[in-house]
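Me: I would like to go through a protein model with you, starting with the terms and then moving to the fold. Here it is.

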Amino acid sequence: MSLRYVLVVTEPAYGSQLARTAYQFACAAIEAGHQISKVFFYQDGVLNGTATTVPANDEFDIVAAWQSLAREHQVQLELALPLRCVVALSANKRRRNTACSRARWPLIFRKLG
């Protein structure tokens with residue numbers, strides 16, 4: 001029986017092993033024939049999707065790995081950004097140079113709470 005999963009990642013790309021553990025779970029689930037329909041990055045987990053997150057030379061590039069997983073297996077990646085980032089994006093439509101606006105994949109804004 002095939003199962004369908006939605007993952008929530010609340011830890012940053014680096015400084016914790018938990019984002020990589022979530023990625024490894026997603027890969028193992030797909031390999032076992034299950035589906036990962038969405039990965040939702042929340043709290044510190046949004047750092048998995050910003051362009052300013054760059055690994056050290058000897059580190060696994062978890063951000064690129066999430067992108068590859070999304071492309072190859074049609075997994076939707078979503079970032080939940082704090083309101084201050086949404087306001088910054090609205091105010092800087094012409095200038096997209098804030099850390100909030102440099103996401104590596106499309107941002108999905110949702111009202112939480």
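Me: Before anything else, what does "buried" mean here?
Reply: Buried means under 20% relative accessible area, exposed means over 50%, and partly exposed lies in between, with a 1.4 Å probe and protein chains only. Helices (H or I, at least four residues) and strands (E, at least two) are DSSP runs numbered from the N terminus.

Me: And where do the values come from?
Reply: This is a predicted model, in which local features need pLDDT of at least 70 and side-chain atom pairs count only at pLDDT 80 or more, while totals for chains, interfaces and linings use all residues. Residues are numbered from 1 along each chain as its sequence is written, and side-chain values use heavy atoms, with hydrogens and water left out.

Me: Which elements does the chain have, and in what order?
Reply: The protein chain has three helices and three strands. From the N terminus on, they run β-α-β-α-β-α.

Me: How confident is the predictor?
Reply: On pLDDT, the predictor's confidence in each residue from 0 to 100, the protein chain has a mean of 78, and 70% of its residues reach 70 or more. Helix 1 (residues 18-31) has the highest confidence, at 97, and helix 3 (residues 83-91) the lowest, at a mean of 54.

Me: Where does pLDDT stay under 50?
Reply: One such stretch is residues 94-99, for which the model has seven contacts beyond four places in sequence; a contact means heavy atoms within 4.5 Å. Another is residues 108-113, with eleven contacts beyond four places.

Me: Back to the fold. Is strand 2 enclosed or open, and why?
Reply: Strand 2 is largely enclosed by the rest of the structure, because five of its seven residues are buried. The chain reaches strand 2 from strand 1 through helix 1, and this β-α-β crossover is right-handed. Right-handed means that, with the strands pointing away from the viewer, the path from the first strand over the helix to the second runs clockwise.

Me: What stands opposite Val39?
Reply: Leu7 stands opposite Val39 in strand 2, and Val39 in turn stands opposite Leu77 in strand 3. Leaving aside neighbours within four places in sequence, the contacts of Val39 include Leu7, Leu77, Val9 and Trp66.

Me: Which residues have the most contacts inside the largest nonpolar core?
Reply: Those are Ile36, Val39 and Trp66, in a core of 22 residues. The elements giving two or more residues to this core are strand 1, helix 1, strand 2 (35-41), helix 2 (62-73) and strand 3 (76-79). A nonpolar core is a set of buried Ala, Val, Leu, Ile, Met, Phe, Trp, Tyr and Cys residues joined through side-chain atoms within 4.5 Å.

Me: Now Ser37: buried or exposed?
Reply: Ser37, which lies in strand 2, is buried, with a relative accessible area of 17%. Beyond four places in sequence, Ser37 is in contact with Arg4, Tyr5, Val6, Gln74, Val75 and Gln76.

Me: And what about Arg4 itself?
Reply: Arg4 lies in strand 1 (residues 4-9) and is exposed, with a relative accessible area of 61%. Leaving aside neighbours within four places, Arg4 is in contact with Gln35 and Ser37.

Me: Which loop holds Gln74, and how does its backbone look?
Reply: Gln74 lies in the loop between helix 2 and strand 3. Gln74 has a positive phi of about 50° although it is not a glycine, and at 62% relative accessibility it counts as exposed.

Me: Anything in the loop between strand 2 and helix 2?
Reply: Gln43 is found in that loop and has a positive phi of about 55° although it is not a glycine. The C-alpha atoms of Asn48 and Tyr14 are 8.4 Å apart, although 34 residues separate them along the chain.

Me: Finally, how much of the chain is buried overall?
Reply: Buried residues make up 40% of the 113 residues in the protein chain. Of its contacts with a separation of 6 or more, 78% come from residues 24 or more positions apart.

Definitions and conventions: Pairing = 2+ DSSP bridges.
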